[in-house]
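Welcome! Take a look at the sequence and the model, then read on.

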Amino acid sequence: MPWPFSKKNQPDPPEGSSAPEHSTVDSSSKASSALYERIHETRPAPLDVPYLLPKDSDEINRLDFQHHLLRAMLKGNTTVPLTHPISSILDVGSGTGIWGSEMAQDFPEAQIVGIDLQEVQRPDKPENYMFVQCNLLDGIPFPNNYFDFVHMRFLINAIPKAMWPTVIQTLFQVTRPGGTIELIEAGGDPYRPGGWACTRMYEAVIQVAAFRGIDPREMYNLGNHCKQAGFTQIQTRKIEAPIGRWSGRAGTMLATDMTEGMKSFKEPIQKIVGYTAWQFDDLTDQVVREWEEYHSTYTCVIYTAQKPLTDTYR
């Protein structure tokens, strides 16, 4: 019989706001930084930022693996047809830098810039790729109307719900008139179809995210944020990616990535939700079994949008 889901008291995530403070995350997130570091005491997480996952060699390897998986799913590094001359590309939340490095090779005449909290050194970094260390929540240190193409993916677990309008507005500012953005996110839905284990794992992750003011379900509101920021020609594409050995090589690769991703949540789920290590491991094993039993899928949402040619935002 399944063990009961633990429901402990937790703070509610902050309500969304059209004009949140631009310079920092909310005070409750700052106050929880020390506690969250203790939660991740065996796998370091960035301090004073709401990012949920650790930053260590295991996570770096997982992110590179995830990049190759996503590139195979999308049949390329972007869904945007970059046919016009491209002089500058921004990779927001560059992670290991692998996407930016590959784009630098594909566009040798363009300047590729990756921004993140810290740089991961790559031996294969092209000369036209540059890393700039910054906190996206504090703004981007580039002039308005600078980049032809802005790319951001899988930051739904890094940006508080209340900060999304400001983040998208920041992307709008640095995009050139006529330029394009691409946002790729996942994690806002449980695995579907699925059983009790898939539901409980999803609920546990949502509870941990709420502790940091994050709501993965906000990925479905990014199109609205793009519209409010001033973007036009907003397109939404939803991918239901099969997960598990039942769907072949791609599904097996995705299952590997998701299994490692779940392990990254083990310590915070233990501390915040109240599961024991055994309960978490048992739940993870059951989730993997349900992928095979239910032929589950994992939802990914892609947004593309353009800054109007007539816009001269200053």
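Two rings of Phe, Tyr or Trp count as a pair if their centres lie within 6.5 Å, and planes over 60 degrees apart make the pair edge-to-face. This is a predicted model, and it holds seven aromatic pairs.

**A pair and its cluster**
- Take phenylalanine 142 and phenylalanine 147: their ring centres are 5.1 Å apart and their planes meet at 65°, so this pair is edge-to-face.
- Phenylalanine 142 and phenylalanine 147 are both buried.
- Phe142 and Phe147 also belong to a cluster with Tyr146, linked by ring pairs.

- Phenylalanine 172 and phenylalanine 231 form another edge-to-face pair, with 5.0 Å from centre to centre and 90° between the planes.
- Phenylalanine 172 sits in helix H5 (residues 164-174), while phenylalanine 231 is in the loop between helix H7 (222-229) and strand S6 (232-242), so their pairing ties together parts that are 59 residues apart in sequence.
- Buried or exposed, what are phenylalanine 172 and phenylalanine 231? Both are buried.

**The chain as a whole**
- You can find 10 helices and seven strands in the chain.
- Of its 314 residues, 58% are buried.
- Among contacts between residues at least 6 apart in sequence, 75% join residues at least 24 apart.
- The chain has an accessible surface of about 14100 Å², and carbon and sulfur atoms account for 51% of that surface.

Conventions: Residues are numbered from 1 along each chain as its sequence is written. This is a predicted model: local features need pLDDT of at least 70, side-chain atom pairs count only at pLDDT 80 or more; totals for chains, interfaces and linings use all residues. Side-chain values use heavy atoms; hydrogens and water are left out. Rings of Phe, Tyr and Trp (its six-membered ring) pair if their centres lie within 6.5 Å; planes under 30 degrees apart count as stacked, over 60 as edge-to-face and the rest as tilted. Buried means under 20% relative accessible area, exposed over 50%, partly exposed in between (1.4 Å probe, protein chains only). Helices (H or I, at least four residues) and strands (E, at least two) are DSSP runs, numbered from the N terminus. Contact means heavy atoms within 4.5 Å. Accessible areas come from the Shrake-Rupley method with a 1.4 Å probe; for residues, only the protein chains shown count as cover.
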